[in-house]
Amino acid sequence: MIPGKSRVPRWLSILIQCGLVFFIFLYPFLTLMNKLSSSFWSELFSSSTLYIVKQTLWMTGVSLLLVTVVALPLAVWLSRHRTPFSKYIQSGFQVMWILPNFVFAFLVVGVLKLFGVVELYSLRTVLVAWFLVALPFVTIGFTLALDDLDPREQEAMETLGATPRQRFWFYDFPKLKRAFASTLFHQLWFFLTSFSLVVLLGGGPPHETIEVSIYTSLKMDEVNNERAFAFVVWQILILCLVRLALNWNESKALPVGQEWRAAPSPKEKRWMGKLLLALLLLLVSTFFLVQDDGDLLSSLVTSLALSLLVSVFSIFFSIFLYRLRARLLAELAAWTSPLILSWLWWRAYAIGNFTIPSLLLCVAVQTVLFAPWVSRMIFPLLDRTRYSELQAAQSLGASPFRAWRLVEWPRLRADFRFIFAWIFGLSLAEVSSVILFSKGDFEPLAVWVQNQFSRYHLGDALKGTILMIIYSLFVLIFLGKSEGVKHGKNESSLRRI
Amino acid sequence: MEKMNQAYVEFKSFLIEFPDFRLELPSLELRRNDWVSVQAPSGFGKTTLLRAIAGLDPAKGQLSIDGKRIDGFPVHERNIGFVFQDHLLFSHLNALENVMVGLKLRGVNEDESLLKATELMNKLDLEGRIHAPIQELSGGERQRVALLRALIWVPQILLLDEPFKGLDETTQRQMSDFIRQFVAEHGIPVLCVSHQNEGNQAWATVSLVGQLLGEKHHGTRTFHRR
């Protein structure tokens, strides 16, 4: 399948899209709605529901504002100063980004308590934690967007007399406001669907968010479908409204790989350093595995297989959606939380009676869950397909696939590798969909670690966490970094989402 | 009149040096209405020379305008107009906004900028394209917008990098007449790199011709006055 201009007939594309929307969203939602009692409507507008919605919006708004105020100047500084120090900051942020959420939560608790900054279970703790979690993601998102600007145009702005500050306000910001908004939307989604951090640090009321309320309404001993669904509706409504307000007609995503970017410089390939680091990581992980009785190894192998399959399938699924021109469909899974979607699918289709191997089911579920994020990165890349060059290559006798390999693949390779690495890390840390669909016949590392935490086997939990970080880093080191050279005076290396 | 004949721009020991590239400009004094034609083979470093004068590439030596040394100044403080070979228009702005951006950066009143920009655009037959997005402009229209963008705020010196490239004869003539009239009116010296416009050599008051001293790839490139 060659990404590029779609040859799928319009009617077939619409038919497939309608089918996917029905099976992925409508049927699960309708199944649940059918079982709801009339108390759903009173739950939807009850004062306690509205209070939690208001509380979530307030917490989200404050956190977004705080993180934007810090991340924007930091990103501008990182983008303009290519010093070793700024590179270390970026690398550090990337590592924080791939940490599983609950691991990050524990780290935040530790650090905050160590410095006596906050007391646990206070609103300030949750806000500080959200800020710390969001800062690396938003800063990296902003920096990557800034790095994607054409430095020659920035120079042109300077020759017209623009000071660095004016250049930002008259050139950088207007060009990137959609990319900035896209990053913030992504972050908003994270806040609205944030669960583990709030539970661990806020503990519930009065600092309860919509996601936590959904979870508490679905606890096995006291299931309240009406209340849960009322919150699901509010969550979708808020995300839809924000999404529409952003008027996403053109650039849907963080810009990835602009055309002016030059080919990677061979000098920047530091293979020896990477190899040594990889060997060190392997040594550490082998040390942990040798000490273990086999559980850890089996969890690790399952996790790696699952993450590998999910990364590959997510990329192919996004390309498939692109060829269907299914932009709206690609985004739908991002309009609610992964926890809710997995749960709805489980209720509608599975409820423990599925015949498909559960590992494959988990791969399918995660592929659909991660599709919005993969699509947000892949679609803009494919939008920039150089059709005239593809045609030129074909006129020289290359088959369509060979032409694509020749013209487009060198441009896309680095970004595809990074997307693969990112999804690999996400899948490695994914818990809720696995718990729902695994039938207990396999236990990936993230679930294993969570179980060790809940049994207070902190030593084992720490070991598993370190292994997860090691393997995320491992993939990021080998696949995630794409270096490019800018034209013009800046000659800075690029990194894309 | 006397002022017009005084040296306005001065280059002294101007030198651009990279590990495998060395380009020298002889000491040169330009008057307000001088038109300098720069000729050299492709790959010689003509664009690099213009970029170094604008402050976009590093250079050694002295560069003074109106008696004030500007070689240590950052790009935005040099007051040098630059028409780039690739136009480099800002795609998030329309044609008019592109022309006005230099005035906006200098805090000129919006109405005044608008009046000035539309007047100049009319002179170059762009009246029907004022609000057109950059992507919809033809090559010639883009070139004219780029020229106006660099001229409207009356720079102290104008650098033209292949300004007539790819234009038909009528447009070339129209543009060159406009430039000559504008720079004569405001007393702006011009450094112009152009292959295609014979007029560039015809009306040049100073001609600089590139010459390679030493071996082909690593020798010193220099310009001498013809």
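A: Buried area is the accessible area, taken with a 1.4 Å probe, that two parts lose on being put together, summed over both. The model is predicted, and in it the area buried between chain A and chain B is about 1,800 Å². Carbon and sulfur atoms give 67% of that buried area. Three residues, Thr159(A), Leu160(A) and Phe170(A), supply 37% of what chain A buries against chain B, more than any other three residues.

Counted by residues, the contact takes 19 from chain A and 21 from chain B.

The rule finds two salt bridges across the interface of chain A and chain B. In a salt bridge between the two chains, the side chain of Glu155(A) meets that of Arg51(B), with 2.9 Å from N to O.

On the side of chain A that touches chain B, the elements that give two or more residues are helix H7 (151–159) and helix H8 (164–192) of chain A. H7(A) provides the largest share of this side, seven residues. Sorted by class, this side of chain A has eight nonpolar, five polar and six charged residues.

As background, chain A has 22 helices and zero strands. Of its 497 residues, 56% are buried. The accessible surface of chain A comes to about 22,200 Å², and 67% of that surface belongs to carbon and sulfur atoms.

Key: Residues numbered from 1 in each chain as written. Chains lettered and ligands numbered in written order. Predicted model: local features only at pLDDT ≥ 70, side-chain atom pairs only at ≥ 80, totals over all residues. Heavy atoms only, no water. Helix = DSSP H or I, 4+ residues; strand = E, 2+ residues; numbered from the N terminus. Buried < 20%, exposed > 50% of the residue type's maximum accessible area, 1.4 Å probe, protein only. Areas by Shrake-Rupley, 256 points an atom, 1.4 Å probe, with all protein chains shown as cover. Contact = heavy atoms within 4.5 Å. Salt bridge = Lys/Arg side-chain N within 4 Å of Asp/Glu carboxyl O. Nonpolar A, V, L, I, M, F, W, Y, C, P; charged D, E, K, R; others polar.
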